Structures are given as C-alpha cells and as structure tokens.
Amino acid sequence: MDENFRLSDLFLNVEEEEKETWKIDNDNKADWALDKIKESSEEYERFERVAVNKINQIKAALHQEKKKMENEKSFFESKLREYIETVKMKETKTQKTYSLPAGKIIIKKDKSDFKIDKEKVLESIKVLEGYEHYIKVKEDLSWVDLKKNLIIDNENIINKITGEVIEVDGLDIEIKPGKFEIKF
C-alpha cells in the first residue's frame, strides 16, 4: 500500500512528458487507478452537494427578494392606475400614454387576433369551394419503414428484400466508436 501512495506522489508531480511513460502494467496498479478515479468522483460529488445547497440558498433569497419587489411594484402600479384616471392621456389608435420625468405610463388598448386550431381549420376548409390553394401537401420520407429493410454489410447499404446495394445521396454509413467505461 505504501508503494501505491509513493507511486501516486511521483505520478502527480512529474512533468507532462514523463507522465506519458508511466504505465499500468499489473493488477495492483490498475486497482490503485480505479481507487483514484473513485476518490476523485466522490470528492467531486461532495463538492457538488455543497455547491447545490449554496445555490439553493441563493435561489431562495432571490425568490424572497423577487416577491418583495413584485408586491411593491403591484402596490405602486395600482396607485398609478388610480391616478391616470384623473389626468388627460395622449391617445393613439393602439395605446394611451402619459409622460413624466421618471418615465411613461402606457396603457395598450385591446386588440383582436386570430386563435387557430390548424387541424380543425384544415378539416373545415377542405369542404369549402375556392379554398383549395390554402392547403399544402407535404412529402416526407418514411425513414422508419425504409430502415427496417436495410442492412449494413462492410461499407455497403443493402436492401434486405431485393439484395441490391443502395447508393442514395444523403444516406451514408456512420461508424460510432466503442466506449471505454468504468463501473463501480
């Protein structure tokens, strides 16, 4: 065990080029390396727990300040609404405004806009004469069905049903590299 601690001290203090020459060449070193990975992960998890708790404390304080601000804002906005009913405001087609040195009070007027359920409108408009040009027909690839009939053989894509090699622009073979994993 002392050898492992001495080895770790040596390994962690060597120059970059020397690190590359150090190797794991027996089960003891491999086991020691797994312990180091586990210790490092546990230290990070401890640090993360502390950080998350601190973040939660700050979020709670921020939430409390936000509520305080919203209550104060709501109070003063209600008083301003009462006040602007007593003054003459500049009025346009879409809004009323009242200017003061600290800012403007703006009341936007109600406006109408469309609320649409596209599926219902599509079904309804299909039966109306003269509205056909408002309906789009969309082509789409049925990839799920196509993929079921394809296999990869070396560097070729083959149709399982016909046995032919398929060469289609936009359809290529991607090799996803294997992964190195450590489990505890």
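This is a predicted model: local features need pLDDT of at least 70, side-chain atom pairs count only at pLDDT 80 or more; totals for chains, interfaces and linings use all residues.
Helix H3, residues 27-84, has the highest confidence in the protein, with a mean pLDDT of 96. At the other end of the scale sits helix H2, residues 16-19, where confidence is lowest, at a mean of 54. For the protein overall, the mean pLDDT is 88, and 89% of the residues reach 70 or more. So much for confidence; now let's look at the strands.

Start with strand E4, at residues 150-153, and follow the chain to strand E5, at residues 156-159. These two run antiparallel and are joined by 4 bridges. E4 and E5 make a hairpin with 2 residues between the strands. Look at Asn154 there: it takes a positive phi near 55°.

Now carry on from E5 to strand E6, residues 165-166. This pairing is antiparallel too, over 2 bridges. Here Ile158 has Val165 in E6 as its bridge partner. E5 and E6 also form a hairpin, with 5 residues between them. In that turn, Gly163 has a positive phi of about 80°.

What do you get when you put the 3 strands together? They form an open sheet in the order E4-E5-E6, with antiparallel pairing. E4 and E6 are the edge strands, each pairing on one side only. As for what holds such an arrangement together, strands of a sheet pair through backbone hydrogen bonds, either parallel or antiparallel.

Methods: Residues are numbered from 1 along each chain as its sequence is written. Side-chain values use heavy atoms; hydrogens and water are left out. pLDDT is the predictor's confidence in each residue, from 0 to 100. Two strands pair if DSSP finds at least two bridges between them.
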